[in-house]
Amino acid sequence: MPDTHFYRYDDYDRALVAERVEQFRDQVQRRLAGELTEEQFKPLRLTNGLYLQLHAYMLRIAIPYGTLSTRQLRHLAAIARKYDRGYGHFTTRQNLQLNWIKLEQAPDAIAMLAEVDMHAIQTSGNVIRNVTADHFAGAAADEIEDPRVWCEIIRQWSTLHPEFSFLPRKFKIAITGSPNDRAAVRVHDIGLRLWANEAGEVGFEVIVGGGLGRTPMIGKTLREFLPKDELLAYLEATLRVYNRYGRRDNIYKARIKILVHEIGVEKMRAEVEAEYAATKDGALKLAPETIEAIARQFAPPPLRPKRTKVPEVEALKLENRAFALWLKSNVAPHRVPGHAIVTASLKPAGAPPGDASAAQMEGVADIADAFSQGEVRVSHEQNLVFPHVAVESLPEVYRALERLGFAEANIGKITDIIACPGLDYCALANARSIPVAQRISNHFAELSRQHDIGDLKIKISGCINACGHHHVGHIGILGVDKNGVELYQLSLGGDVDFGRTALGTILGPAVEADKVVEAVDALVATYLEARQAGERFVDTYRRIGAAPFKERVYGAV
Amino acid sequence: MAKNLSGELHVASANRLGDGLVVFLDDAGQWTTRLDRAALARDERAAEILLQRAQAEAFGVVDPFLVAVTESEDGTLEPLSLREKIRASGLTFAAIAGEAVRYA
Ligand code: SF4
């Protein structure tokens, strides 16, 4: 592929972002002076990631593939302190939202972001949005290849791509490089899964037409195995078909999932393959040097294998139960022996999920500098990850996280709740999400109990747009508005694990806000009584069905 | 005890252009962040006029609209809908977070 398609990250990106900042500064000035109406200005501010929410402007900052350097994280903290109220919210799209940005200061905030090569472009509008990836990328023991290389290739190809600047609707891509899908690839417009075929070649399974929102759908396989160097040509063909046939007459029917659903995956495949045949050997075929050059940016840190059993860790495990639980739930295997991946929980008991203060962000950056090669990840489950921690450093990391309030041993447990901002912030919301998450979190705060209950994912959305992914929660909670009263619809059995991806089924009538905790408690009690050895909540639900859960919940509330 | 639950009482609200904060139109035609200073329309006709005034004063705010409120015996205004209650009085979750949130 010619270099013109591929700009070098540093020069081209910086010039482009700097130009956009100045353009936006001018647009803001004209709006404040009354030269632009809100109608004229709104699309301009949205293009720059600036939304007007219930109480203030919100800036949505893209964190490409969820990877942050400590310099960037410290800078985000400084921006939150200088231009916001000293905290930010990490979202299910691996973005950071600042909730109290002033329009007058937004260009300065965006200019400050640009100092660390970050921006808020393409976090809104009908374009290809921030490409998300497995938050354990480049570190996970089960990984085949680092998916971020491909996220970056897609990012460069799609940023301000002229042909795809006015798609029928927004477009979200996620990539996983591991058989344990931590990126939820089956519920994205396009999901890509790297895998090795029988010949040992690594390529992509291309999944299309997944998505949540008003009409949730599980993505279907468009191509079982796509050679890696053909990725951009194939994506371009897919986007072209979507651009051509996707519906523009009805916003609710405009996502690619509706197109795939309406014409069927076979027809979609035929269209894409026909388009692809015409272009596959053209300019978008990726040269090995191009792939290698990008891959070098993601070269793994030079970690040497170390002891996997460390006496100090073993000793602390025996004397400190919370630490022992934390090792179980928040520490995952690393590809290099003697190292580990640590997840910092942004869900301490009773806290708004995904929020971090500027001081906490700086604390996380300090830990990453000292113990994780200066790297931090944002997970779509709204936590922060240290991808490269030596096992021998785990006690120190744990203590440092305790001081920040991020050492809760609850990853994957009932209080590791995903919740969207809901009616506390969001102009589209029907009901609140955060207080519901907080009450459940307070109720189940006891760690031994959480670990006894085991893996259980609760996901909460404040409206049908499903930013809180409620459709794929083991327990999904959706806020609805009935005659001005907040009610919550419960669904069971959703899942994003690879091979088991499923949408939840609504349990019954929505319950009142103050009954949600009781209802969840009843669901958990039903599971604990019925479970067989080794079964997670969702496994028991699949085996025994909804009836016992339903009976207990509606008997209780 | 609320005097009026039928939604006949209205104030005009908007978000302030410069910082996005929630504001209400007062009797002097100024935008204020205080609901207790908001001009109150007591019937449909007054509400129409209030909205027109708000639109005429819209320089410096975004998209003015009417908010149905109730008025208690002591004159305290409260929006009818939960959304507007939250807009008027701010985030609702700090009290639940209690000790857990340590925004240093
Ligand atoms: S799900 Fe609805 S309420 Fe929640 S953030 Fe998305 S749009 Fe807002």
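Colleague: In which hand does α6(A) cross α8(A)?
Modeller: In this predicted model, α6(A) passes α8(A) in a right-handed crossing.

Colleague: Which residues make the contact?
Modeller: On the α6(A) side they are A:A233, A:Y234, A:A237, A:T238, A:R240, A:V241, A:R244 and A:Y245. From α8(A), the residues are A:M268, A:E271, A:V272, A:E273, A:E275, A:Y276 and A:T279.

Colleague: How do those divide by class?
Modeller: The contact of α6(A) with α8(A) has eight nonpolar, five charged and two polar residues.

Colleague: And at what angle do the axes cross?
Modeller: Helix α6 of chain A, residues 231–245, and helix α8 of chain A, residues 265–279, have axes that cross at roughly 125 degrees and come within 8 Å. α6(A) is therefore oblique to α8(A).

Colleague: Turning to the ligand, which residues are around it?
Modeller: The residues around the ligand are A:C420, A:P421, A:G422, A:C426, A:L428, A:A429, A:G462, A:C463, A:N465, A:A466 and A:C467.

Colleague: How many residues of that shell are charged?
Modeller: The shell around the ligand has no charged residues; eight are nonpolar and three are polar.

Colleague: Now the overall layout: into which domains is chain A divided?
Modeller: Chain A is divided into domain 1 (11–114), domain 2 (140–297), domain 3 (311–404) and domain 4 (418–556).

Colleague: How many residues of domain 1 are in contact with domain 2 in chain A?
Modeller: Seven residues of domain 1 of chain A are in contact with eight residues of domain 2 of chain A. The C-alpha centres of these two domains of chain A lie 28 Å apart.

Methods. Residues are numbered from 1 along each chain as its sequence is written. Chains are lettered from A and ligands numbered from 1 in the order in which they are written. This is a predicted model: local features need pLDDT of at least 70, side-chain atom pairs count only at pLDDT 80 or more; totals for chains, interfaces and linings use all residues. Side-chain values use heavy atoms; hydrogens and water are left out. Axes are lines fitted to C-alpha atoms, for helices over the stretch in contact, and angles run from 0 to 180 degrees between N-to-C directions. Helices (H or I, at least four residues) and strands (E, at least two) are DSSP runs, numbered from the N terminus. Angles under 35 degrees count as roughly parallel, over 145 as roughly antiparallel, 65 to 115 as roughly perpendicular and the rest as oblique. A crossing is left-handed if the near helix is turned anticlockwise from the far one by less than a right angle, and right-handed if clockwise. Contact means heavy atoms within 4.5 Å. Ala, Val, Leu, Ile, Met, Phe, Trp, Tyr, Cys and Pro count as nonpolar, Asp, Glu, Lys and Arg as charged, and the others, Gly among them, as polar. A residue is near a molecule or strand if one of its heavy atoms lies within 4 Å of it. Domain bounds come from an automatic or database domain assignment.
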